[in-house]
Amino acid sequence: MKILLYDQDPDRHKINVEELKPIGLTAHTPGEELPELKYFSAVVIHTTDEKTYRQPVASMAIQRNLQVVLYSGEYSLATEREAELRTLYPRAQLSSVLVPDLQNNIKAALLNNDASELTWNRLSDVQEILSTLWAVGLVWENHPQPGVSQKTDTASGRWRSEIHSLLTQSETLSWRDLGNVRTPKDRALRDLSSRIYGRSPRPDKDFKVLLVSTHEEYYDKLSQLRESLLAWAQAAP
Amino acid sequence: MTLFFEHESIRRALHATGLFNDQLQIDEPPSSTTRPVFFGWSSKDVLLQQPQNARLSLPESVYVRLPQSLKTVQDYLDLSLQSFVPTEQYRVLSVPLGQLQSAISRVQELTISDSNRLASALELRRFAREHWPGWYEEIFTELIRSVHNDQIATHGLKVVMGYATGVAASTALRPLTDWRELRSKADFIGILEDVIAYVEQGVFSDQDLQEIGVTLDWLGQLETDFSASELALREIEGSGFQLETSCNGWLTSISDSIKRLRVLRMDLTSSMRPAQEAITTLKLTLDEMIESRDQLKDSLARRD
């Protein structure tokens, strides 16, 4: 997948072009002739530059059915432009993102070959984390140890459920193992959480609250983590 | 059982318990006959800001806030098997149109000091974009702007309430209007028209038609689009909303055209006259639908 970035000064928006170039980012200098859009899956546009240089790159990309991501130092400028474009192109794949998320979003999209990663849905990630952690507790209730129920293909070709324990020798949950648990979308909890806790502001509680020794305690702590993560996700614009 | 999940991952987590699997019959509202049970992580208040969750406000709906123990989950899954007779209000709140109207009423009741107003306004716009793209963008963006300025622009909301059924009907008919407006579909009709004209003028013979490979395979796609539009309109009507009488007339007319074209599809050597008439009727009907939709758009833009 290739992504086109339309920005006069990517450094100012904390986009490290050198890091992203080898994995598929093309940085375009506004004002210069646009490359052929048909070679890209998505276009990431600094809306102020688009206006300044009077290059209707967003409209052109939408007409080519590309995913368009808008941003601006002032978030409302991007959302206003988004509303304007939506009136003209109701079926466009269009979104506005915050500047601090750009680098991670572009990287995740290119690495996972998934343009939807360009828009970071915090709430969805939080729900995925919480549901995965809850599943660990449900397994714990049914078995002597917390674990992950994984279906494995046996030699006979039949599926069977296997429980991988997540307890340390000191009989508490192991954060290292918990971080390796994969979500229904096959992403490691560690990857999802590092994206969340790498942002500022970050949730006021982290996964360490879960390192307990009984499932009752685990549910109680998971409720606390839920409040913290949801409050953080719901506070984002 | 009638189950709702705030996020798909909750369903997956339930799979891990072995209590729940894809083989279980999930009822689809508004025709569901088992008690609706919602599983979610957010508080009920937050969920109610999202128009699609309007049914949660009804006493017959059960909300299970996670995390819960295995035993509690089992109890709620059992509850979701209980039979249930949907009330009129439940049916209304089961379709996007009813959910929109309910959400607008809630926003209209909010006061300036209410901390939920921005989230509710943003959810309204997101919901409208999902179901009726392009129709309410300006009105809801204006609403959000007004909330930022410590006001609530309610006039636009009244306008939306007034036009909501018409907009829903127009959106339901979009798969059909695409047959005039979307080149990839409209071209099929145009080519058939040309072919019929050539046959009428004697330029093409029946034999030529078969040799050049004229087919009406696209008729299947038109039938699918017709069914989708018809189903969407019936869903609106079935939930107690009154559609314009013209909607049913359009459906009858298009259905009739499809039937006549089907005869031509079976036998390309049959008379071209009924096919020509069918195409003319089809185009006229689609044009009427488009004109009516454009008038609705103009009125909405003027906030009449």
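Helices here are DSSP runs of H or I with at least four residues, strands are E runs of at least two, and both are numbered from the N terminus. With that in hand, take helix α5 of chain A. N113(A) follows α5(A) and has a positive phi, near 55°.

Some ground rules. This is a predicted model, where local features need pLDDT of at least 70, side-chain atom pairs count only at pLDDT 80 or more, and totals for chains, interfaces and linings use all residues. Residues are numbered from 1 along each chain as its sequence is written, chains are lettered from A and ligands numbered from 1 in the order in which they are written, and side-chain values use heavy atoms, with hydrogens and water left out.

Back to α5(A), residues 102-112. Its buried residues (under 20% relative accessible area, with a 1.4 Å probe and protein chains only) are L102(A), Q103(A), N105(A), I106(A), A108(A), A109(A) and L110(A). What covers them? The cover includes β1, β2, β3 and β4 of chain A, along with α1 and α8 of that chain.

Next, P203(A). The residue sits in the loop between α8 and α9 of chain A. Its relative accessibility is 6%, so P203(A) counts as buried. Beyond four places in sequence, P203(A) touches I196(A), Y197(A), S228(A), L229(A) and W232(A); contact means heavy atoms within 4.5 Å.

Now chain B. Helices α6(B), 117-131, and α7(B), 137-148, have axes that come within 9 Å and cross at roughly 170°. Axes are lines fitted to C-alpha atoms, for helices over the stretch in contact, and angles run from 0 to 180 degrees between N-to-C directions. The pair is therefore roughly antiparallel, a label for angles over 145 degrees. Residues in the contact include L118(B) and L122(B) of α6(B), and F140(B) and I144(B) of α7(B).

F140(B) comes back in the largest nonpolar core. That core has 64 residues, and L100(B), Y136(B) and F140(B) have the most contacts inside it. Such a core is a set of buried Ala, Val, Leu, Ile, Met, Phe, Trp, Tyr and Cys residues joined through side-chain atoms within 4.5 Å.

Last, the interface. How many residues does each chain give? Chain A puts in 26 residues and chain B 29. The buried area is about 2,600 Å², with 59% from carbon and sulfur atoms. That area is the accessible area (1.4 Å probe) that two parts lose on being put together, summed over both.

How values were computed:
Angles under 35 degrees count as roughly parallel, over 145 as roughly antiparallel, 65 to 115 as roughly perpendicular and the rest as oblique. Buried means under 20% relative accessible area, exposed over 50%, partly exposed in between (1.4 Å probe, protein chains only).
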